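This report goes through some local features of one protein chain, one kind at a time. Keep the structure in view while reading, and find each residue as it is named.

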Amino acid sequence: MDKGKKVETVEKQENSLPWVEKYRPTTLDEVAGHEGVITTIKKFVEEGKLPHLLFHGPPGTGKTTTIIAVARQIYGKNYRNMILELNASDERGIDVVRDQIKTFASTRQIFSSGFKLVILDEADAMTNAAQNALRRIIEKYSAHTRFCILANYTHKLNPALLSRCTRFRFSPLKEDAIKHRLAHVIEQESVDLSPEAFQSLLHLSSGDMRRALNVLQACYASVDAGEQISEELVYDCVGSPRPADIRTVLQAVLDGSWESALHTFSYIKQSKGLALADMLTAFAVEFQKLDLQNKTRIALLDGLSEIEWRLSSGGNESIQTSATIGVIKQSMELEASS
Ligand SMILES: Nc1ncnc2c1ncn2[C@@H]1O[C@H](COP(=O)(O)OP(=O)(O)OP(=O)(O)O)[C@@H](O)[C@H]1O
């Protein structure tokens, strides 16, 4: 293949990549946020003293990205040969995981005398017995292998396994960190996004960079060339109720009769295709902004949580919609009574 054609093919492949992959940082310096964590990990890498690692925290915060960046820094462009990525919750069981690690750890590398890296994703989904087996595997292969365990929740991990790793928490990313990275992607992809849409995207991502990038790409795909992405479109892509709609429903519940409140509530819910569970979360956010007495807040949150629980246990949507009106009206009566 001539050089021109090769470049063209690579460009085409890059263009068809999801943005989360296209813009996945390749170096530790590019990882947004987590400054303290990254500084410590850099030190380990520079000193050549990488311990077994445990990265934990919510999805889309950079756990996988960071360990792959570490591998790139240690092993260079052939890093793929030196790492083994496994899903620890592999349904075929710990024996399959053990066999893969055994084969990987026992094949010597011609070009490198250092350790190899095993990345175990979703370790928190493993059974206790599998975690115990993993603990023994880590011990057995420690001489030439380092393990990096990735998990969302540490409370599901066995203490004996935890104690063998140096732990790093990947917290939800701060809005500033996401803002910076998104601005870079927006510029690279020439996305036209209104300032309100940008602000809503930051807010709705809740610290999850994967979510932010996926929503941005979905919005970009759904507008015509030259059209600006609006705040409404961002809310639609996320499937979250828009603050204006939530305020309309609240106003109707607070001001109107039961019938008119139910009518407005049901109309907005159906016409915008909203789930009651998402509306409950949005109500709670709106109420947070109001100056209410503590007892009113407690009554509201108690009532909304109860409805949320009923919904998740299979409660009927329309009965729970009316119940929501009841909770809000009753709480406001409580507020007015003193
Ligand atoms: N801190 C970050 N800096 C820059 N990009 C990030 C960061 N965190 C996540 N991303 C982006 O989001 C994508 C997903 O991140 P990653 O796979 O590292 O998440 P994770 O924390 O391992 O999530 P999960 O727990 O779901 O496996 C990456 O490809 C990258 O584009």
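Ser206 is exposed, because its relative accessible area is 54% and the cut-off for exposed is over 50%. The model that shows this is a predicted one. Ser206 is found in the loop between helix H10 and helix H11 (209-222). Although Ser206 is not a glycine, its phi is positive, at about 45 degrees.

His34 is another residue of this kind: it is not a glycine, yet it has a positive phi of about 50 degrees. The loop between H2 and H3 holds His34. Is His34 buried or exposed? His34 is buried, since its relative accessible area is 11% and buried means under 20%.

## Aromatic pairs

How many aromatic pairs does the structure hold? The structure holds 5 of them. One of these is formed by Phe44 and Phe168, an edge-to-face pair with 6.4 Å from centre to centre and 75 degrees between the planes. Phe44 belongs to helix H3 (residues 35-47) and Phe168 to strand E5 (residues 166-169), so this pair ties together parts that are 124 residues apart in sequence. Both Phe44 and Phe168 are buried.

Phe168 also pairs with Phe55. Their ring centres are 6.0 Å apart and their planes lie at 75 degrees, so this pair is edge-to-face; the cut-off for that class is over 60 degrees. Phe55 lies in strand E1 (residues 53-56) and Phe168 in strand E5, so the pair ties together parts that are 113 residues apart in sequence. The relative accessible area of Phe55 is 0%, so Phe55 is buried. For Phe168 the value is 8%, which also counts as buried. Phe44, Phe55 and Phe168, together with Phe170, form one aromatic cluster.

## Charges over rings

The ring of Phe115 has the charged end of Arg146 over it, 5.0 Å from the ring centre.

## Helix H16

Helix H16 (residues 294-312) has 19 residues. At 1.5 Å a residue, H16 should span 27 Å, and its end C-alpha atoms are 27 Å apart, so the two values agree. H16 is followed by Gly314, which has a positive phi near 95 degrees.

Which residues of H16 are buried? They are Thr296, Leu300, Gly303, Leu304, Ile307 and Leu311. These residues cover an arc of only 95 degrees around the axis, so they are on the same side of H16. On the other side of H16, Asn294, Ile298, Asp302, Trp309 and Ser312 are exposed. Helix H15 (276-288) and helix H17 (317-336) are among the parts that cover the buried residues of H16.

## Salt bridges

The structure holds 12 salt bridges. In one of them, Glu189 is joined to Lys22, with the closest N and O atoms 2.7 Å apart. This pair links distant parts of the chain: Glu189 is in the loop between helix H9 (175-188) and helix H10 (195-204), Lys22 is in helix H2 (residues 19-22), and the two are 167 residues apart. Glu189 is buried, with a relative accessible area of 13%, whereas Lys22 is partly exposed, with a value of 21%.

Arg181 and Glu30 form another salt bridge, with 3.8 Å between the closest N and O atoms. Arg181 lies in helix H9 and Glu30 in the loop between H2 and H3, so the pair ties together parts that are 151 residues apart in sequence. Arg181 counts as buried because its relative accessibility is 13%, while Glu30 is partly exposed, with a relative accessible area of 32%.

A further salt bridge joins the side chains of Lys289 and Glu286, at 2.9 Å from N to O. Lys289 is exposed, with a relative accessible area of 55%, whereas Glu286 is buried, with a value of 10%. Lys289 and Glu286 are linked with Arg247 in a network of salt bridges.

Key:
Residues are numbered from 1 along each chain as its sequence is written. This is a predicted model: local features need pLDDT of at least 70, side-chain atom pairs count only at pLDDT 80 or more; totals for chains, interfaces and linings use all residues. Side-chain values use heavy atoms; hydrogens and water are left out. Rings of Phe, Tyr and Trp (its six-membered ring) pair if their centres lie within 6.5 Å; planes under 30 degrees apart count as stacked, over 60 as edge-to-face and the rest as tilted. Helices (H or I, at least four residues) and strands (E, at least two) are DSSP runs, numbered from the N terminus. Buried means under 20% relative accessible area, exposed over 50%, partly exposed in between (1.4 Å probe, protein chains only). A charge sits over a ring if NZ of Lys or CZ of Arg is within 6 Å of the ring centre and within 35 degrees of the ring normal. The expected span of a helix is 1.5 Å times one less than its number of residues. The arc is that of the directions from the helix axis to the C-beta atoms. Contact means heavy atoms within 4.5 Å. A salt bridge is a side-chain nitrogen of Lys or Arg within 4 Å of a carboxyl oxygen of Asp or Glu.
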